[in-house]
Amino acid sequence: MPAPDKSAAPDPIIQLIVFRLGHEEYAIRIEQVKEVTLTPDIARMPKTPSFVKGIANLRGDIIAVIDLEERFQLREATEELAAHTYTMAIEAKDYTIGIVVREVPQPLSVPQSAIEQTPEFIQEANIHDKYIEGIARINDRIIVVLDMLKLLTPAEIMQLSTTAAS
């Protein structure tokens, strides 16, 4: 009787938070999300990119709030956000930012093997945009998995940190 194959490790389960931008589904790993809340009042800041909606007070912390639909050019800059949106607080080592989404983000558990590498032509077209971790295919759904910690350039992070501090 052959010995069981010990090299076939179980497929690890990845916890994602799924949200909609435009008409597409995106996700980030749950460990990158500090909290989800109704979007607080946002104070507009001068001399920031259009996708930076401003700063907000989130439980005593002043954070920069960004709009990924605008950042990814999935919506016109002149089109306003809905009256009620949600903000996901994303925590990195040196900063916390808020990401505005239109609907309540939903948790989703997927096997690691369901997340495929980003096709090479997309990586080459977005050589400076390495924030796409992969593409998750779940039944008939296609979900773009983002690495939020790579979303902003170092210069943008410095600008947002300065904005939130002022």
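Author: Begin with a charge over a ring, meaning that NZ of Lys or CZ of Arg is within 6 Å of the ring centre and within 35 degrees of the ring normal. Here the charged end of R71 sits over the ring of F51, 4.8 Å from the ring centre. The model is predicted: local features need pLDDT of at least 70, side-chain atom pairs count only at pLDDT 80 or more, and totals for chains, interfaces and linings use all residues. Residues are numbered from 1 along each chain as its sequence is written, and side-chain values use heavy atoms, with hydrogens and water left out.

Reader: How many aromatic pairs does the structure hold?

Author: A pair of aromatic rings is described by the distance of the centres and the angle of the planes. Rings of Phe, Tyr and Trp (its six-membered ring) pair if their centres lie within 6.5 Å; planes under 30 degrees apart count as stacked, over 60 as edge-to-face and the rest as tilted. The structure holds three such pairs. F19 and Y26 have ring centres 6.5 Å apart and planes at 25°, so this pair is stacked. F72 and Y131 are also stacked, at 5.3 Å centre to centre with 10° between the planes. These two residues are 59 apart in the chain. F19, Y26, F72 and Y131 form one aromatic cluster.

Reader: Is Y131 buried or exposed?

Author: Buried means under 20% relative accessible area, exposed over 50%, partly exposed in between (1.4 Å probe, protein chains only). Y131 is buried at 9%, and F72 is buried at 16%. F19 and Y26 are both buried.

Note on methods:
Helix = DSSP H or I, 4+ residues; strand = E, 2+ residues; numbered from the N terminus.
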